[in-house]
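I opened this notebook page to record what I looked up in the structure shown below. The entries follow the order in which I worked.

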Amino acid sequence: MKELLVGLDICDSYTKAFCAEAESVLHVPTVVCKKKQEDVWMIGQEAYASALEGEGVMVDKLLKLLTRGGTSTIGGVRYEASELMVHFLECVLARLIGQAGAESAVPAAGDGTSEVRDDAPGVGDGVPAAGDGVPEAGGGISEVRDGAPGAGDGVPEAGDGAPEAKGSVPDAGDDTSEVRDGAPDAGNTGAPDAGNAGSSDALPAYDSARIRQLVITVPRVGASLLDSLVYCADGLGIPRDRVHIISHTESFLYYVLSQKREVWNNQVGMFDLSRDFLGYYEMKVQRGMRQTAVYAEREKLDEGFDLDILSSPSTMKLADKILCACGERFLQKKLFSSVFLTGEGFDSQEWAPEFMKLVCARRKVYAEQALFVKGAAFKAADQVREKTQYPYIFICDGRLDTTVSIKVQHNDQESQLVLASAGDSWYEARTALEVILDHQQYIDFLISPPDPKKRKTVRLTLEGFPEREDKTLRVEIRVAFLDGNTMAVAVKDVGFGDFYPSSGASVRQEVML
Amino acid sequence: MSIILCRQENVTHPFFIEHLGVFVHTSQELCYAIYNHPILAMDGFIDESLLEFIRDELGMGMTALKMERWMKSGENRDELLFLFLQECDYYNTAEINRLRKTVSALRKLPPLEYAKQKADYLFGFRQYGRAIAGYEKILESFLAQKADESFLGKVWNNLGSCYARIFQFRKAADAYERAYVRLKDLSVLERIYHLTRLDESIVLKERYQSIVTDSLKESWDEDFARAGEAAEESEDLVKLKQLFEKDPVRRAEGARQMLETWKQEYRGMA
């Protein structure tokens, strides 16, 4: 059985799962349902059906519940959010494994996989028709591509100049589409989407051994959510070294960097219009002497609106105006190589002719609904490579933008020992080391943000530590990060063998980066 | 002022330095032992068991190999110490050069003086058995016949102190007496006098009675009493008292640990 490299995009309203071997992106609402009398858990259409028939109890907004560390009572039994999430993810992964199958007969992504998509436009469907006031697709000025760049002629292909998508790597340029299994229809939140396939009869047993790498992407990363998701991964029986959690911003970077270089030569913008969120992402590349740094930021826009307004022509115009205002604010006076559109709101762009006219001016525009999950899958694929295909310093949500180091003496010379580097995942950047303090009762941490002018030294004084003779104060330094801006340092006297047993002295401090 | 990064060493079997009576668990501790007690590390300290520790436990296979080759070459073995220190990067070049000078100075000492310093070091680390062996070796040496009386007096005095520390009071009194003969130092007589207080079978010899006046005895008695009082308040005794205040279960466990420590200490001493 082939091991899978899985990307998983978990949001409060929907969850998408993808791996190269699957026919398509699995798209289900983030709800889980349990039969009242049996230990049977369901997701998607089946979950809605069971809940409507009164056989089961459904819990939604699982991600929010997990972030809060909440609970839900089903059939008199109280379930922790993490338990519910484990059941949900088991069902999602089982379904994905079913799609991927042992059956390697499934055509590889990019081979012209058949689409199972009843509400989303196919390749080319989203291209606004000429005469709508939007430049025509392929008209030489700009293009709107549904699917990733690389689908179609004249469009940059992944794997050319950019990190290549090979073998089991999900091909950004494929025409894979989504199976919207039970996803709520636009304007019909929470209702099961009729006519979707995927009954429990076909659901294979979940097998953690099939998951070689699992990269989960969530809108924003926070310590408690990350802890909970790692705990869930434990519950799924997936070893921790196979699980990575990244933000949507980071997924965006992975996705864009997987495209041909001309797509991201200059800045890249992205609008994400979902049922409960309107956001703008921006990526820029800073080429350095040693390494290239890629920066991405995400901004939640207050102008977000309910997608229900897209169902009436009058409110459609209002929505178009709102987006135009946002577009003008972010895209003016900057040089963009490309702009991406993602989220349910961009399933079709027909409702936003003015906005499309604005974004399509002097740059390429691509629509990709499964951008985050594919970005996560790209990372999953990269995890198993001997050498990364993304040799860049990622600076984004979930990654540190600051390097933290201490001065150490080595071979009669002073050198900087890096404890955490800009670009490291702050959640995974944990360091423990032992040092000997020679004639000093403090440790200076050098904090180096991207702007050299803001470089600073933070001194941690070791109060209460014994004053031992030369070179016998041995301490353990533990560094971890509570978020991208807060470093927690713990220093403990570990003693100097039989010569000086530990005094037990310790100190802990949080440092704002 | 600086910070030294410690190597990651997963030592499962620490190395026991007999002369110091300590286990070393890291390369830094081994460097520290060598640097601060060079006289104990100079003769035969680096042997096959230490090389095995360096190679297998500290994970410094290349260093062990270099040291092994140096040993086989028959060159000056003191260089092995410096080689090891350099490889560990715990002491800087200036510090290693300082040690080099110390070692060189020790090597220039007359053989008996060198042997005495080594035995004194062992005494300082409560390695009384080894210190006794060292002092006796000096006294038995043919070179001792040519040594000056003052030097031999000091050796006898230190030998007496070793015996006293391991409760062999008669041997201690005998050694002190030989020391007094050579040094004519009243403090040595005082030690003999104190031994008579600890062991009634020991008596101050007739020929010293005239020297030890009543006022002197009174003063020494006071010193003895003060020492006794200080011992009552010693940290070890306070710990012992606290132990007996605990409930029977914790007392038994504490007593077991304390006894174990004493046994270890005594084995080291004797």
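**Entry 1. Helices 5 and 6 of chain B.** I first looked up how helix 5 (residues 78–88) of chain B packs on helix 6 (residues 93–107) of chain B, and found an angle of about 165° with the axes 11 Å apart. I note that the model is predicted. Angles over 145 degrees count as roughly antiparallel, so helix 5 of chain B is roughly antiparallel to helix 6 of chain B. I recorded the crossing of helix 5 of chain B past helix 6 of chain B as right-handed.

I then listed the residues that make this contact. Helix 5 of chain B supplies B:Asp78, B:Phe82, B:Leu85 and B:Gln86, and helix 6 of chain B supplies B:Ile96, B:Arg100 and B:Val103. Sorted by class, the contact of helix 5 with helix 6 of chain B holds 4 nonpolar, 1 polar and 2 charged residues.

**Entry 2. Helices 4 and 5 of chain B.** I next turned to helix 4 (residues 61–73) of chain B, whose axis comes within 10 Å of that of helix 5 of chain B, with a crossing angle of roughly 165°. Helix 4 of chain B is therefore roughly antiparallel to helix 5 of chain B. Here too I noted the handedness: helix 4 of chain B passes helix 5 of chain B in a right-handed crossing.

The contact of helix 4 with helix 5 of chain B divides into 6 nonpolar, 1 polar and 3 charged residues.

**Entry 3. Chain B against chain A.** I then examined the contact between the chains, which takes 18 residues from chain B and 24 residues from chain A. On the side of chain B that touches chain A, the elements giving two or more residues are strand 1 (2–5), strand 3 (22–24) and helix 1 (27–36) of chain B. Strand 1 of chain B gives the most to that side, with 4 residues. By class, I counted 10 nonpolar, 6 polar and 2 charged residues on the side of chain B that touches chain A.

Entry 4. Which way do strand 21 (residues 431–438) of chain A and strand 1 of chain B run, parallel or antiparallel? I found them antiparallel, joined by 4 bridges.

Notes:
Residues numbered from 1 in each chain as written. Chains lettered and ligands numbered in written order. Predicted model: local features only at pLDDT ≥ 70, side-chain atom pairs only at ≥ 80, totals over all residues. Axes fitted to C-alpha atoms, helices over the stretch in contact; angles between N-to-C directions. Parallel < 35°, antiparallel > 145°, perpendicular 65-115°, else oblique. Left-handed = near helix turned anticlockwise from the far one by under 90°. Contact = placed C-beta atoms within 7 Å. Nonpolar A, V, L, I, M, F, W, Y, C, P; charged D, E, K, R; others polar. Pairing = 2+ DSSP bridges.
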